[in-house]
Structure formats: C-alpha cells, structure tokens
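The sequence and structure are shown first, and the description follows.

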Amino acid sequence: NDVFGTDFTIGFDTAVNTALDAVDKIRDTAEAFERVFYIEVMGRHSGYIAAEVALACGAEFVAIPETQVDYDALGANLGKMRSTKKSSIIVVAEGAAPGGAIEIAKTMKERYGIEYRVCILGHIQRGGAPSAKDRIQAAVLGGAAIEAVINNQFNVMVGRIEGKIVQTPMR
C-alpha cells in the first residue's frame with residue numbers, strides 16, 4: 001500500500017488476508033510450543049501491511065520501517081507477559097530493521113534470552129488468488145483507466161481516494 005494517489009493499491013487486501021491466514025495457523029504452533037514467533041511480512045519501505053496484520057491478529061508487537069525497533073520496550077513487554085502468556089506473535093515488516101525479523105529475533109535472544117522462531121511469509125503473500133476486494137478494485141480502476149484514455153487523458157494514474165475515482169498526474 002505504498003503507491004501515491006490511491007488509498008489502497010491493488011493486491012493490498014490479498015496480501016493482508018494471506019498473511020493473516022498464515023499468522024492464525026502459526027499462533028496454534030506458538031501456543032502449543034510456548035514460543036515467540038517473529039513473522040515477517042511484505043513491507044520493505046512501508047509498514048502498512050504489517051500494521052494491518054498485527055491489528056487484525058492481535059499481535060503483541062509490530063515492527064515497521066517508519067520507526068526504529070525499541071528492543072528495550074519489546075523485551076520489557078515480553079518479560080511481563082511471560083508470567084501469564086507463554087507465546088507471542090511479533091509481526092515484522094521486511095524493512096523494519098537491517099536483517100529483518102531474523103536479526104530482530106537474534107537481538108532479542110542475545111539481550112533477553114527469549115527463545116524464538118521466525119517465519120518469513122514474503123513469497124507466499126506475493127502469489128495466489130486475489131481477494132474479492134482486490135478483484136473489484138482492479139476492475140473498477142481498469143475501467144476508469146480505459147475511460148481516461150478514451151477522453152484523451154494521459155500521464156495520469158487512476159486510483160481511489162475516500163471511495164472516489166481520482167486521477168493523479170504522473171509528472
């Protein structure tokens with residue numbers, strides 16, 4: 001969801017739902033083995049997918065490229081929770097830190113001794129059948145792009161902002 005000129009890029013909803021489905025399955029394993037799982041999702045430059053997934057799945061923490069990872073706060077929160085909750089889900093956008101989820105997990109292990117597992121979803125999110133919302137978005141924006149060409153409107157990107165079709169100049 002990192003393209004200017006539209007509220008939601010085509011594929012955003014599919015990527016979020018694919019990641020959410022995977023996190024739901026991983027949570028079962030995390031609980032069974034009492035582990036902290038760091039789950040890396042798409043988002044080299046934008047944490048929008050990670051934030052949506054974290055909110056939807058009830059993750060204990062999210063790391064995004066727009067902010068620095070606060071290892072001390074994460075360690076303190078995980079430490080507090082360990083007395084009542086033995087598993088945690090940490091959602092990490094791939095660009096949240098150099099080395100992504102793997103390096104964040106290693107740093108947490110070194111500093112706080114917290115056992116972990118890492119799951120990188122990147123390629124899983126990039127494939128598969130699009131959600132209904134993304135299919136409709138593609139159809140609507142494709143139709144709007146054809147209308148723009150018919151009306152001799154070029155060098156614009158067609159998008160949706162607040163539900164309305166908009167054209168953003170490409171120059």
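Glu 115 is partly exposed, at 38% relative accessibility; here buried means under 20% relative accessible area, exposed over 50%, and partly exposed in between, with a 1.4 Å probe and protein chains only. The model is predicted, so local features need pLDDT of at least 70 and side-chain atom pairs count only at pLDDT 80 or more, while totals for chains, interfaces and linings use all residues. Residues are numbered from 1 along each chain as its sequence is written, and side-chain values use heavy atoms, with hydrogens and water left out.

The side chain of Glu 115 forms a salt bridge with that of Lys 109, at 2.5 Å from N to O. The term denotes a side-chain nitrogen of Lys or Arg within 4 Å of a carboxyl oxygen of Asp or Glu. Lys 109 is itself partly exposed, with a relative accessible area of 31%. Side chains of opposite charge can pair when their charged atoms come close. The structure holds seven salt bridges, including those in the table.

| Salt bridge | N to O distance |
|---|---|
| Glu 115 and Lys 109 | 2.5 Å |
| Arg 126 and Glu 94 | 3.2 Å |
| Lys 106 and Glu 103 | 3.8 Å |

Arg 126 and Glu 94 meet in a salt bridge. Arg 126 lies in the loop between helix 5 (122-125) and helix 6 (132-150), and Glu 94 in the loop between strand 3 (88-93) and helix 4 (100-112), so the pair ties together parts that are 32 residues apart in sequence. Helices (H or I, at least four residues) and strands (E, at least two) are DSSP runs, numbered from the N terminus. Arg 126 is partly exposed at 44% relative accessibility, and Glu 94 is partly exposed at 22%.

Lys 106 and Glu 103 both belong to helix 4, three residues apart, or about one turn of the helix. Lys 106 is partly exposed with a relative accessible area of 36%, as is Glu 103 at 33%.

The packing contact involves helix 1 (residues 12-33) and helix 2 (residues 48-57), which meet at an angle of about 45 degrees with axes 9 Å apart. Axes are lines fitted to C-alpha atoms over the stretch in contact, and angles run from 0 to 180 degrees between N-to-C directions. The contact (heavy atoms within 4.5 Å) includes Phe 12 and Leu 20 of helix 1 and Tyr 48 and Ile 49 of helix 2.
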